[in-house]
Amino acid sequence: MNLTLRVWRQKDRHNAGRIVEYPATNIIPDMSFLEMLDVVNEGLIARGEEPIAFDSDCREGICGTCSLVINGLAHGGQRGTTVCQLHMRHFRDGETITIEPWRAKSFPVLRDLVTDRSAFDRIIEAGGFVSVNTGGCPDGNAIPIPKTEAEQAMDAAACIGCGACVAACKNASAMLFVSAKVSHLAHLPQGRAERDRRALAMVAQMDQEGFGSCTVTGSCEAVCPKEISLDFIAKMNREYGKAVLKGESAHAEAGG
Ligand code: SF4
Ligand code: FES
């Protein structure tokens with residue numbers, strides 16, 4: 001396959017970026033999108049030019065590091081697929097492909113297609129963990145967990161923290177990510193002890209990081225490579241609302 005790439009090049013967050021055109025020639029259809037970029041970069045390096053910077057790690061769809069907007073769609077628009085698992089056979093020979101980084105104020109561009117997603121780390125640091133003492137490793141089934149609860153927790157835990165939900169949202173909202181992390185722990189007995197503090201702290205950090213509000217457009221769910229459901233946003237809203245009400249009643253009881 002021979003393709004034309006239109007790639008966002010940007011030296012750093014302080015310099016303006018621009019689209020630059022590159023040919024991608026002799027691409028094998030079974031290559032992944034990132035392998036195709038590797039081939040283009042080998043050519044750039046051989047010519048003494050600066051390679052295109054992009055993020056990747058596992059290249060198996062499990063780490064959440066890869067993050068490209070391809071032809072306007074986060075992860076390229078193949079349902080339930082990260083860009084590292086997207087293959088060139090989904091494109092046409094001779095096609096022109098536009099490649100951009102995640103676009104969100106809270107994910108500033110570091111270089112070319114690489115963005116700073118540490119805002120997600122800070123949201124997790126605010127409450128996305130269990131700090132109560134849960135004891136040693138219990139025997140299997142020693143803590144009975146209803147199957148539906150376990151399945152919901154597993155579905156939420158599938159979130160790989162890639163940030164595509166933010167990139168696809170016109171408000172740059174992080175609600176799908178945060179709701180997955182809040183719901184994952186709220187569905188398990190070990191996570192329930194801290195559920196109120198967790199929901200309040202993670203939502204407060206999300207707001208502090210400058211992510212936008214959710215207006216339920218569903219674009220996040222449509223691009224999510226792990227098909228995290230919008231239902232988790234409703235679950236998080238319930239968790240948050242209950243935590244606020246409990247805090248207000250405790251305040252009233254204390255005579256505040
Ligand atoms: S909810 Fe989906 S799109 Fe958002 S960070 Fe998690 S895996 Fe990525
Ligand atoms: S590189 Fe790990 S999910 Fe794509």
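**Salt bridges.** I call a contact a salt bridge when a side-chain nitrogen of Lys or Arg lies within 4 Å of a carboxyl oxygen of Asp or Glu. Asp-196 and Lys-246 make such a pair, with their closest N and O atoms 3.0 Å apart. Asp-196 belongs to helix H7 (residues 195–208) and Lys-246 to helix H9 (residues 231–253), so this pair ties together parts that are 50 residues apart in sequence. For burial I take under 20% relative accessible area as buried, over 50% as exposed and anything in between as partly exposed, with a 1.4 Å probe and protein chains only. Asp-196 is partly exposed at 22% relative accessibility, and Lys-246 is also partly exposed, at 45%.

**Ground rules.** This is a predicted model, and I needed pLDDT of at least 70 for local features and 80 or more for side-chain atom pairs, while totals for chains, interfaces and linings use all residues. Residues are numbered from 1 along each chain as its sequence is written, chains are lettered from A and ligands numbered from 1 in the order in which they are written, and side-chain values use heavy atoms, with hydrogens and water left out.

Asp-55 pairs with Arg-117, their closest N and O atoms being 3.2 Å apart. Asp-55 sits in the loop between helix H1 (33–46) and strand S3 (69–70), and Arg-117 in the loop between strand S7 (114–115) and helix H2 (118–127), so the pair ties together parts that are 62 residues apart in sequence. Arg-117 is buried, at 12% relative accessibility.

Next I looked within H9, where Glu-239 and Lys-235 lie four residues apart, about one turn of the helix. Their closest N and O atoms are 3.3 Å apart in a salt bridge. Glu-239 is buried at 2% relative accessible area, and Lys-235 is buried at 14%. I also noted a network of salt bridges linking Glu-194, Arg-197 and Arg-198.

**Overall layout.** I found nine helices and seven strands, taken as DSSP runs numbered from the N terminus (H or I of at least four residues for helices, E of at least two for strands). The C-alpha trace spans about 70 × 40 × 30 Å along its principal axes. Of the 256 residues, 43% count as buried.

**Nonpolar core.** Which residues touch the most other members of the largest nonpolar core? They are Phe-120, Ile-123, Val-166, Val-178, Met-206 and Phe-211, out of 35 residues in that core. H2, H4, H5, H7, helix H8 (219–223) and H9 each supply at least two residues of this core, and the largest share, six residues, comes from H5. My rule for a core was a set of buried Ala, Val, Leu, Ile, Met, Phe, Trp, Tyr and Cys residues joined through side-chain atoms within 4.5 Å.

**Ligand 1.** I then listed the 13 residues around ligand 1, of which Cys-159, Cys-162, Gly-163, Cys-165 and Cys-224 come nearest; a residue is near if one of its heavy atoms lies within 4 Å. Helix H4 (164–168) and helix H5 (175–186) each supply at least two residues of this shell.

**Last look.** I ended on Cys-63, which lies in the loop between H1 and S3. Cys-63 is partly exposed, with a relative accessible area of 29%. From Cys-63 to Ala-193 I get 28 Å in space, C-alpha to C-alpha, and 130 residues in sequence.
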